[in-house]
Structure formats: structure tokens, C-alpha cells
Amino acid sequence: MTRYLLFLSLLIWPLGHLLTYSNSALGFTIYYLDICVFLICVSLIFEAKKNSIALPTSTLKSLGVFTLFLVISWLVNISNTVRNGNLNSIFYIIRIITYPGVYIAALTVDQKELRKIVAFSFSVFVLLGLLQYFFMPDLRLFKNLGFDDHYFRLAGTLLDPNFTGVIIASVAIYFIFLGRLKIATLLIIPLALTFSRASYLSF
């Protein structure tokens, strides 16, 4: 089950905000990727109990200590959080606890198969970004939904050129490390179209 949930999460993330649900009554946005990652963690726990996989205890201990300090810090400031109506910050704690499950799950599957799916999902991510840039360059209509009003910038499905650019820059650096300079050079094109100074600097 963990394997299928992991692959599902890798197919979901390139779609970004295209796979979210928001309702004014809820007061927050539901990300289907978050749900999938939570299910990965649940699956890992059940499979670990069945002794089908071995969880990296050192990683879990470090994560546990970090999370403990994080929760303590959140509780110390909870009065300000409630007063300012920022209870959504609890979701960041949940994400920090659950998202390392993706890394742990990745250790349990066939690495060749995993690389193929990662390559496919990243290609979809870049392709959707290029389609957005050439066919929907004006994103100012999303300002009313709480997004920045980007104009002729490759923002992709994340609707943010900075986050999109950093992801592309990271993958380009990875290919440079592997000596795959042709692929890295191709990725410089969508990276340049983000017009993100932060992404340029990180690259």
C-alpha cells in the first residue's frame, strides 16, 4: 500500500493548486497531497508493525526531538496565535511531522522505478509551467484568491514563480552534479522565464 500511495503522491504534486479544495466555511485550504502524505505515514506505521519494513530509527528520533521543540514553541505562543486567528499554523507542524514519511517510503521501493516516476512527474511540472507561461501569462486574476499578481512570469501550478523556480534550479543543479549538462542547460530556459531573482541566486 505504501508503494502505491508514494507513487500517487508523486503524480499529484506537479498539479499544485489544481488539486486543492477551499471553502469559506472551512477557513483553510485542503491539499490532496497532504492527505496522500498522511496516508503514507499511516501505511508506514502499519507495515512496520507487520515487520515488512524497517523504519530508520535515527531519523525518527531526530525528527521527534525537533517536533517536540516545535510543539513547545507553538504552545508558548498559542495565546498570540489564537488572538490573531492564526490557528492554521498547526498544519505546518503536521506537515513537518508527516512529510519525512515520503523520504522513508522512498527507501522501501525499487529505486529504478522510483526515478522513472520522479522524472515523469517533474517533466509534467515543467510542461504545465511552460503552458501557463505561453497560454496564460496574466495571473493577476488570482489576486482576489490571495495569490500575488504575476504577469508574464512562469509561475506554474504553484502559482508562484519563486517556489517553481527554486524547484527547477534544484533539479538543474542535480543534473549538473551528475554531469548531464544538456538536460541542465534545457532547464535554464524555464528557470529564466520565472524572472525570480531568488531562484537565480539559489542556482
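**Exercise 1. Is Asp149 buried, partly exposed or exposed, and at what relative accessibility?**

*Solution.* The structure is a predicted model. The relative accessibility of Asp149 is 39%. Buried means under 20% and exposed means over 50%, with partly exposed in between. Asp149 therefore counts as partly exposed.

**Exercise 2. Determine how many salt bridges the model contains, and describe examples with their distances.**

*Solution.* Side chains of opposite charge can pair when their charged atoms come close. The cut-off needed here is a nitrogen-to-oxygen distance within 4 Å. By this rule, the count is 4 salt bridges.

Step 1. Lys143 and Asp149 form one of them, with N and O 3.9 Å apart.

Step 2. Arg140 and Asp138 are joined in a salt bridge at 2.8 Å from N to O. Arg140 is partly exposed, at 44% relative accessibility, and Asp138 is partly exposed as well, at 28%.

Step 3. Arg3 pairs with Glu113, and their closest N and O atoms are 2.6 Å apart. This pair links distant parts of the chain, since Arg3 belongs to helix H1 and Glu113 to helix H7, 110 residues apart. The relative accessible area is 32% for Arg3, which is partly exposed, and 28% for Glu113, which is also partly exposed.

**Exercise 3. Identify the members of the largest nonpolar core that touch the most other members.**

*Solution.* 

Step 1. This core has 16 residues, and those touching the most other members are Leu6, Phe7, Leu10, Ile40, Leu44, Ala105 and Leu114.

Step 2. At least two residues of the core come from each of H1, helix H2 (32-49), helix H6 (100-106) and H7.

Step 3. Another core, of 10 residues, lies apart from it and includes Phe125, Val126, Ala172 and Ala184.

**Exercise 4. Check the length of helix H9 and describe its packing.**

*Solution.* 

Step 1. Helix H9 covers residues 181-193, which is 13 residues. At 1.5 Å a residue, the helix should span 18 Å; the expected span uses one less than the number of residues. The end C-alpha atoms are 19 Å apart, which agrees.

Step 2. The buried residues in H9 are Ala184, Leu187, Pro190, Leu191 and Leu193. They pack against helix H7 (111-135), helix H8 (161-178) and helix H10 (197-202).

Step 3. Just after H9, Phe195 adopts a positive phi of about 50 degrees.

**Exercise 5. Arg153 is buried: which side chain of opposite charge is nearest, and which backbone oxygens does the side chain of Arg153 approach?**

*Solution.* 

Step 1. Arg153 lies in the loop between H7 and H8.

Step 2. A polar atom of the Arg153 side chain lies 3.0 Å from the backbone oxygen of Thr194. The Arg153 side chain also reaches the backbone oxygen of Phe195, at 2.9 Å.

Step 3. Not counting residues up to four places away in sequence, the residues that Arg153 touches include Gln132, Tyr133, Pro161 and Leu193.

Key. Residues are numbered from 1 along each chain as its sequence is written. This is a predicted model: local features need pLDDT of at least 70, side-chain atom pairs count only at pLDDT 80 or more; totals for chains, interfaces and linings use all residues. Side-chain values use heavy atoms; hydrogens and water are left out. Helices (H or I, at least four residues) and strands (E, at least two) are DSSP runs, numbered from the N terminus. Buried means under 20% relative accessible area, exposed over 50%, partly exposed in between (1.4 Å probe, protein chains only). Contact means heavy atoms within 4.5 Å. A polar contact is a pair of N or O atoms within 3.5 Å; within protein, one must be able to donate a hydrogen and the other to accept it, and residues adjacent in sequence count only if both atoms are side-chain atoms. A nonpolar core is a set of buried Ala, Val, Leu, Ile, Met, Phe, Trp, Tyr and Cys residues joined through side-chain atoms within 4.5 Å.
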